[in-house]
Amino acid sequence: MDLAAAATHPGRTTPIADRTQLFIGGRWTAPHGTGVIAVEDPTTEQVIAHVPAGDTVDVDRAVAAAKAAFGPWSALAPAERAAFLDRLHAALSARAEDVAATVARELGTPLRIATKVQAGLPLTVLRSYVELAGQPESTHTVGNSLIVGEPVGVVGAITPWNYPLHQIMAKVAGALAAGCTVVLKPADLTPLVAYLLFDAIEEAGLPAGVANLVTGPGSVVGSAIAAHPDVDMVSFTGSTAVGARISHLAADRIARVALELGGKSANVILEDADLPRAVKTGVANAFLNSGQTCTAWTRMLVHRPRYEEALAIAAEAAAGQTLGDPFDRGTRLGPLASAAQRETVRGYIAQGLADGARLIAGGLDAPVPDRGHFVAATVLADVDPDSTVAQEEIFGPVLVVIPFDSDEEAVAIANNSRYGLAGAVWSGDEDRALAVARRLRTGAVDVNGGAFNPLAPFGGFKQSGIGRELGRHGLDEFLETKAIQR
Ligand code: NAD
């Protein structure tokens, strides 16, 4: 570890300016709301900047701007919209280092990972939507009907803090590519990266009102967006509880919703798997971004004959999850996003141990830095599949391990969840792994370490959500279907 280098890293020492305006109707605008949100660095526990807390008047203004912009934006030729998004890609690419450092500050993701995932992935997603936006309108015929897709209208986008720019981009780029206009409310914990995006939107010269930014509390700004009569669709990523609340608000006016919610995904390791690879990949996946990942494989299911062997590998891999400053090159595990998140996660660890789990790594007494919202990488074994830590999304660096005796039982345990977002299967026999993968009630499964595909549909079964993001499926979420008979 090189603490001195981390402390003097320009990403850590460069001051971040307060933001005092919202982006509405194509320009930076004074908010009507008079409050401010203090943004904390979870590593140092210092406030690093402030942003405005907008109010319902700000939402009204932003929605009116998006509504006025919808007609002209949706009427552009696909190639024209693609050219705007291409300019946005260039403007955001120029800010990639700033994006990575900003997320390392406001969220605590280690810089190396932030560079790849928090800054790189949104650019990949935006690039894919530049390509999709430019493709000719996809129409087809059914008998005497011409079937066309038309943009749904004004999209209200409400996003969480764990992959703050990626989650924004999956909505904003998809909606804009489809011909919709957007009002965005980013998470209160991580609004600074959203400001960088809107700096890029301004520089790219997107037409006024096409994309609008209103920061503020979910209970005020988020609710007002979800309930607004001129918002045609609400696209939400966050917790299942808030997703349900937003669905109720949208249902009152029959507005469309897309929900990307929580997860408790299973990593199923069959007895003929490459065990070291399956376990090490599984541990790294569970602890990515300090476990604050909706798709994290937080339940590791291992065939009983190889269970103890797997636990030994998992303990060693967890011990390699070095805690520290996100700007230290040796850091694998940054802090959790907030003090509240840390306390919640510690509570789950205590609950798991009280319910009889065996502590394999980490735990409440493991050493952590003096300052910052850190929790050590924790592995709990012998976990009852029905217990709290096996059922609830912990959203921290806590992996539970559960043994099984047959493929049948593995599928039953994996599907014993109210969530269904992601998962994995490992086997020396790909057909066997695919057969298990097909039986998992979940929106995505990686077989033998299959790589994340940013063009594949992303979303959940059951309480993990409604709808899909990314790629063609993601764009289609923002289209209405029309049949024209001839
Ligand atoms: P959250 O639900 O608390 O907040 C998400 C967003 O909703 C924030 O912008 C928040 O301000 C806003 N909000 C809060 N209350 C609101 C209300 N009453 N009305 C309208 N908006 C409101 O979630 P979070 O803590 O920011 O994020 C963590 C959660 O997000 C986890 O459950 C995680 O699994 C989930 N998540 C899901 C995905 C996915 O794609 N499925 C991706 C990332 C995170």
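This is a predicted model: local features need pLDDT of at least 70, side-chain atom pairs count only at pLDDT 80 or more; totals for chains, interfaces and linings use all residues.
Residues are numbered from 1 along each chain as its sequence is written, and side-chain values use heavy atoms, with hydrogens and water left out.

**Confidence.** Colour the chain by pLDDT, the predictor's confidence in each residue, from 0 to 100; the protein chain averages 97, and 99% of the residues score at least 70. Helices (H or I, at least four residues) and strands (E, at least two) are DSSP runs, numbered from the N terminus.

**Helices 4 and 8.** Select residues 78-93 (helix 4) and residues 192-204 (helix 8), whose axes come within 8 Å and cross at roughly 130 degrees. Axes are lines fitted to C-alpha atoms, for helices over the stretch in contact, and angles run from 0 to 180 degrees between N-to-C directions. Angles under 35 degrees count as roughly parallel, over 145 as roughly antiparallel, 65 to 115 as roughly perpendicular and the rest as oblique, and helix 4 and helix 8 are therefore oblique to each other. Show the side chains of Phe84, Arg87, Leu88, Ala91 and Leu92 in helix 4, which meet Leu197, Ala200, Ile201, Glu203 and Ala204 in helix 8, where contact means heavy atoms within 4.5 Å.

**Helices 9 and 10.** Ser223, Ala226 and Ala227 of helix 9 make the contact with Ile246, Leu249 and Ala250 of helix 10.

**A salt bridge.** Select Glu469 and Lys171, whose side chains meet in a salt bridge at 2.8 Å, N to O; the term requires a side-chain nitrogen of Lys or Arg within 4 Å of a carboxyl oxygen of Asp or Glu. The two residues are 298 residues apart, with Glu469 in the loop between strand 21 (465-466) and helix 17 (471-476) and Lys171 in helix 7 (residues 164-178). By this rule the count comes to 23 salt bridges.

**Arg306.** Finish at Arg306, in the loop between strand 13 (299-303) and helix 12 (307-319). Leaving aside neighbours within four places in sequence, Arg306 is in contact with Glu271, Ala273 and Leu275.
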